[in-house]
Amino acid sequence: MAREFQRGHKAKISDLTPGTDLYVGVQIAGPGLTFDISCFGLDADEQLSDDRYFIFFNQPKSPEESIQLLGAQAGDTESFRVTLDRIPANIHKLSFTATLDGAGQMSQVGPGYIRIVAGGEEVVKYAFTGSEFTTERAVMLGDFYLKDVWRFAAVGQGFDGGLDALLKNFGGEVAEEEPAAPAQGAVPSFAPPAQAAAPPAFGVPAAPQAPQPAPAFGAPAAPVPAPQQPVHAAPTIAAPIAPQAPAPYGQPPEPPQFGQVPGQGAPPAAPPYGQHPPAPPYGQQPPVAPPYGQQPATPPYGQQPPAPFGQQPPGMPQGVPQGVPQTGAGLRAALQPYKETATGQRWASQNQQLMRVDLTMGGTPVLARQGSMVMYQGKVDFGYKGAGFAGRVVGNATGQEMQLMRCTGRGQVFLAEEGSHLHPIELQGDGICVSAESVLAFDESLQYEVRRIEGHGIPGGALFTMLFQGTGTVVVKTHGVPVVLPVTPTTFADCNAVVAWSSASQVIISSQVRLRRNAYPGHSGETVNLQFRGAPGNFIVVQPYEV
């Protein structure tokens with residue numbers, strides 16, 4: 001299953017696939033836009049010191065053919081073949097870019113991606129949309145870079161200039177304007193022929209077609225060609241065209257009724273008085289006509305219009321039940337939205353209530369609240385942090401009985417607790433105070449200690465917090481979506497609702513214990529509040545819930 005990357009995610013190529021002969025596909029499009037997709041082979045200083053490693057439409061391959069431009073195929077706007085073990089030693093980075101040729105800006109592009117395919121199987125994909133950019137005319141999509149081993153990074157960084165400006169940024173020289181170059185020569189013989197630009201539909205079997213030889217380096221199989229129309233130029237469909245029954249032998253066909261488009265099927269005749277209309281075939285819904293005088297809704301950009309009633313959608317193989325989405329049929333398609341999210345990072349949110357930690361990355365054990373493990377993969381050992389360890393940070397000393405387990409080994413551990421929202425906070429030498437009740441897990445590399453805030457009116461007589469400092473990640477759990485507020489001289493919070501605050505903030509108990517306190521106008525109803533003070537830049541985190 002392909003790993004879905006987000007901007008900034010990085011991973012070793014060896015962690016994605018053992019292969020070194022890779023297919024790189026780029027899909028980018030927009031209404032009325034034309035793109036130049038290129039690959040820059042850069043040296044250790046990230047400069048284009050050798051123009052022969054600028055791979056674009058006029059120079060489709062490097063001297064030793066370790067980088068080759070293949071053209072549009074397999075649903076990709078442009079594709080490359082990269083053979084990592086043939087790249088010369090002076091090339092330390094391959095930067096894949098897309099630049100606009102003509103007017104426009106990157107905010108106008110539709111959904112696109114850069115992906116890596118090995119052995120015909122997609123191993124990683126970084127998807128992007130035009131909403132991530134503004135007035136840029138170029139974007140650096142992804143990099144292969146050499147750092148002891150070859151790695152891949154999802155970049156997604158916009159660039160205001162076009163191809164010439166990007167070339168100058170990498171230290172290259174822009175040639176004088178020349179007449180248009182002749183058409184590019186034939187792509188390498190092992191590459192499959194160009195196919196339609198539509199991305200392959202997940203889980204839908206390919207329509208029967210003549211067998212074609214698979215590319216030797218493992219490019220992905222091309223999807224079924226689908227009829228395409230210019231963007232925003234598709235004709236408006238007045239109504240689905242249904243086949244008409246042939247007229248009886250020797251009689252002319254009936255003329256269309258008033259207001260009916262020629263060639264459009266006539267509406268079904270009304271049933272005889274007192275009888276119900278015939279039911280549609282099992283598993284199908286009866287057709288619903290649009291309101292009188294209205295056109296049916298035009299499908300969103302990039303989607304096919306609905307198929308006529310009783311017919312298969314364009315590109316859908318025969319035999320697939322009607323109503324099945326284009327993304328696939330059966331159990332696999334139903335579970336697709338809930339698949340594991342692999343971000344290439346040590347800590348990865350699977351959804352708002354589930355967190356995954358990859359113990360194979362970083363090599364540092366994890367301390368987690370005992371009982372928070374819901375699933376794990378690989379060889380993972382769980383050790384109880386008893387009273388003899390510092391890991392039992394609270395317990396008899398605090399009355400909250402928070403006990404930790406130590407997770408070690410090589411594998412992935414999934415953590416959750418009572419459907420709470422989980423938030424990974426990465427510390428880079430800074431510090432944060434977290435309510436002990438709100439701590440779910442953290443890297444053992446962090447320095448931590450328990451602090452006690454005493455005050456009359458606090459349940460149990462004190463509020464216990466954990467101070468985390470150093471480099472690592474702490475996962476904080478909240479009830480609902482929290483809010484982060486800056487600390488001002490008049491910042492107060494309910495001690496039962498506050499989740500965390502910056503370590504440099506000063507905390508003061510503010511008691512408001514009065515007889516019949518609710519009778520006093522303007523009173524909050526809370527007997528004990530925490531007042532926060534600190535220099536600009538300090539913050540507090542509050543949840544919409546009282547523990």
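In this predicted model, Phe468 has a relative accessible area of 0% and is therefore buried. The ring of Phe468 forms an aromatic pair with that of Tyr448, with 6.4 Å from centre to centre and 40° between the planes, an arrangement classed as tilted. Because Tyr448 belongs to strand β20 (residues 447-454) and Phe468 to strand β21 (residues 462-478), the pair ties together parts that are 20 residues apart in sequence.

A pair of aromatic rings is described by the distance of the centres and the angle of the planes. For Phe80 and Phe96, these values are 5.2 Å and 70°, and the pair is edge-to-face. Phe80 is located in strand β7 (residues 78-83) and Phe96 in strand β8 (residues 93-100); the pair thus links distant parts of the chain, 16 residues apart. Phe80 and Phe96 are both buried. These two residues also take part in one aromatic cluster, together with Phe5, Phe144 and Phe152.

Charged side chains were examined next. Side chains of opposite charge can pair when their charged atoms come close. A search of the whole structure finds 16 salt bridges. One of them joins Arg346 and Asp443, whose closest N and O atoms are 3.0 Å apart. Arg346 lies in the loop between α3 (330-335) and β13 (347-351), whereas Asp443 is part of strand β19 (residues 439-443); this pair links distant parts of the chain, 97 residues apart. Both Arg346 and Asp443 are buried.

A further salt bridge is formed by Lys61 and Glu65, with a separation of 2.9 Å between the closest N and O atoms. Lys61 is partly exposed, as its relative accessible area is 43%. Glu65 likewise counts as partly exposed, at 29% relative accessibility.

Glu122 and Lys125 also form a salt bridge, in which the closest N and O atoms are 4.0 Å apart. Through salt bridges that share partners, Glu122 and Lys125 are joined with Asp76 and Arg115 into one network. Lys125 has an aromatic contact as well: the charged end of Lys125 sits over the ring of Tyr113, at 4.5 Å from the ring centre. Lys125 is therefore placed both in a salt bridge with Glu122 and over the ring of Tyr113, within the 6 Å limit used for such a contact.

Key
Residues numbered from 1 in each chain as written. Predicted model: local features only at pLDDT ≥ 70, side-chain atom pairs only at ≥ 80, totals over all residues. Heavy atoms only, no water. Salt bridge = Lys/Arg side-chain N within 4 Å of Asp/Glu carboxyl O. Buried < 20%, exposed > 50% of the residue type's maximum accessible area, 1.4 Å probe, protein only. Helix = DSSP H or I, 4+ residues; strand = E, 2+ residues; numbered from the N terminus. Phe/Tyr/Trp six-rings, centres within 6.5 Å; stacked < 30°, edge-to-face > 60°. Lys NZ or Arg CZ within 6 Å of the ring centre and 35° of its normal.
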